[in-house]
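Subject: Structure handover

Hi,

Here is the structure for you to look at. My notes on what turned up in it follow below.

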Amino acid sequence: MIKKLERQIMWTIVLILTITTLGIFLTVNITNYQALVKQEFFYLQKQGTTIKKEPRLPEQNGELSPEEKEEELHGYYPLYIAEIANSSVEASVTRLDGSSYTSEQICALALDAAARNERSGTIKNLRYVVKNLPDKTEIIFLESQAKARFLSSLIRSAFYCVCLLLLFLYAARVLARKIVRPVEEAFQKQKRFISDASHELKTPVTIINANIDLLRAEVGENKRMDYIESEGQRMSALIGSLLTLSRMSQEPLPENKNIPQEFRSFDLSAALLGTALSFESVAFERGIAYDVQIDDDISFTGNESQICQAAAILLDNAMKYTAGDGGVRILLNRCGSNGSRGITHSHPRRAICLTVANSGPEISKEDREKIFDRFYRTDESRNRASGGFGLGLSIAKSIAQRHRGEISVSCKDGWTTFTLKLPDNSHSPQHPSKPADPSA
């Protein structure tokens with residue numbers, strides 16, 4: 001969880017810095033491009049029959065005047081001037097070096113520009129202005145360099161962005177680690193407290209429960225002792241759940257294809273069938289229609305007792321929140337992982353699906369997002385009368401993560417469905433089948 005939080009903070013910082021940097025670079029480049037375009041048109045407005053090619057002398061301080069700077073800036077721009085008088089067109093090229101157009105081409109473009117009836121514009125890569133003089137019309141063309149400069153500047157900016165992105169990654173990783181460190185320390189202290197408190201409470205609760213049996217043997221049945229015994233059993237169950245969560249949170253999650261040493265290959269179908277059959281009596285007593293559909297010959301490599309515990313949690317949860325005339329279904333089969341992020345295996349499109357569904361009131365969308373949090377209960381159903389503490393689904397989620405799987409909940413047509421997906425690590429040659437719809 002801490003590593004996930006650290007990665008989220010790191011990528012958030014990188015994303016913010018990258019978007020900000022890209023925005024700055026794009027703004028600067030676009031502003032420069034617009035300034036170049038405006039400067040080119042301004043330069044064109046000053047050209048015509050009064051072009052002066054004689055070099056100006058520098059100012060007294062040795063710097064160039066603004067006019068000289070402009071001439072220096074546009075000194076390599078090919079400039080063309082076309083004159084239209086009495087339906088005849090003559091074109092002159094003021095700079096032949098690097099020129100891309102001939103006089104004939106410029107004459108044709110001048111007629112095109114004159115037909116547009118615009119004072120200025122762009123044809124191909126030429127910017128032009130039209131000057132109407134008393135005896136003729138001058139059309140001045142300039143080969144624009146703004147686009148080329150913009151692209152060149154954009155390429156340089158992209159290179160700088162890549163360099164800055166690498167720097168952002170390093171800085172964000174260091175910063176995220178510093179931000180997360182206090183959270184990690186607090187989380188470790190919390191886990192240590194839960195573990196220590198559970199161990200300290202376990203012994204006195206066990207003694208209380210043992211003494212209740214002795215007192216009942218001496219005094220006989222007593223309602224107050226029944227209350228004490230009931231609360232003692234609840235306390236024992238709570239302590240057991242806390243110890244389970246504490247133990248599982250201290251175990252590192254398996255990475256890549258590494259399999260923990262305590263994982264063993266076992267017959268998942270047989271194990272879950274035994275767990276499912278143990279709830280038949282509960283369903284019969286409550287008048288619940290109980291349907292068990294478990295495919296045969298499904299093997300799995302993992303902790304058998306933990307997988308059975310997760311199934312028992314889901315079944316117990318389903319039995320508690322199903323009305324007397326409702327139904328509970330448990331299904332086990334192979335299915336597609338559908339690109340699930342939690343399913344990481346050499347066969348990413350294969351998974352084992354354990355589905356437990358029950359009829360009854362649906363869980364709201366807001367509650368579904370939090371239902372796997374520790375001690376979380378919905379206002380309508382997860383109350384003290386159910387005998388739960390809000391830890392069962394948290395334990396089931398921890399077991400799923402421990403086995404590189406995932407657990408989810410959905411509601412449809414009056415059915416609440418919990419689905420536990422596990423990676424199919426049995427290398428079975430059978431093809432994956434589509435999981436059955438528990439609400440069907």
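**Salt bridges**

E40 and R127 form a salt bridge, with their closest N and O atoms 2.6 Å apart. The two sit in distant parts of the chain: E40 is in helix α1, R127 is in strand β4 (residues 126-132), and 87 residues separate them. E40 counts as buried because its relative accessibility is 0%. R127 also counts as buried, at 8%.

Some ground rules before the rest. This is a predicted model, in which local features need pLDDT of at least 70 and side-chain atom pairs count only at pLDDT 80 or more, while totals for chains, interfaces and linings use all residues. Residues are numbered from 1 along each chain as its sequence is written, and side-chain values use heavy atoms, with hydrogens and water left out.

The terms used so far have these cut-offs. A salt bridge is a side-chain nitrogen of Lys or Arg within 4 Å of a carboxyl oxygen of Asp or Glu. Buried means under 20% relative accessible area, exposed means over 50%, and partly exposed is in between (1.4 Å probe, protein chains only). Helices (H or I, at least four residues) and strands (E, at least two) are DSSP runs, numbered from the N terminus.

How many salt bridges does the structure hold? The count is 8. One of them joins the side chains of E6 and R177, at 3.2 Å from N to O. This pair also links distant parts of the chain: E6 is in helix α1 (residues 2-45), R177 is in helix α4 (residues 146-219), and they are 171 residues apart. E6 is buried, at 11% relative accessibility. R177 is partly exposed, at 27%.

E83 and K136 meet in another salt bridge, 3.1 Å from N to O. E83 lies in strand β1 (residues 79-85) and K136 in the loop between β4 and β5 (137-143), so the pair ties together parts 53 residues apart in sequence. K136 is buried, at 18% relative accessibility. E83 is partly exposed, at 28%. Through shared partners, salt bridges join E83, K136 and E138 into one network.

**The disulfide**

A disulfide here is a pair of cysteine sulfur atoms within 2.5 Å. Searching the whole structure finds 1. Which cysteines form the disulfide? They are C335 and C353, with sulfur atoms 1.8 Å apart. The torsion about their S-S bond is about 60°, so the disulfide is right-handed. C335 lies in strand β9 (residues 327-335) and C353 in strand β10 (residues 351-359), so the pair ties together parts 18 residues apart in sequence. Both ends are covered: C335 is buried at 0% relative accessible area, and C353 is buried at 1% relative accessibility.

C163 is in no disulfide; its nearest cysteine sulfur belongs to C161, 9.3 Å away. C163 is partly exposed, at 38% relative accessibility. C411 counts as buried, at 16%.

**Surface patches**

Patches are made of residues with over 30% relative accessible area and no salt bridge; like charges are joined within 9 Å, and nonpolar side chains (Val, Leu, Ile, Met, Phe, Trp, Tyr) within 5 Å. Accessible areas come from the Shrake-Rupley method with a 1.4 Å probe; for residues, only the protein chains shown count as cover.

L26, I30, L151 and L154 make up a nonpolar surface patch, with about 310 Å² of accessible area together. The elements giving two or more residues to this patch are α1 and α4. L154 lies in helix α4 and is partly exposed, at 31% relative accessibility.

K3, K4, R7, R173 and K397 form a positive surface patch. Lys and Arg count as positive and Asp and Glu as negative, with His and the chain ends not counted. A charge is placed at NZ of Lys, CZ of Arg, CG of Asp or CD of Glu. Helix α1 gives the largest share of the positive patch, 3 residues. K3 lies in α1 and is exposed, at 52% relative accessibility.

**Helix α10**

Is helix α10 enclosed or open? Of its 11 residues (392-402), 8 are buried, so α10 is largely enclosed by the rest of the structure. The buried residues include L393, I395, I399 and R402. R404 follows α10 and has a positive phi, near 60°.

Best wishes
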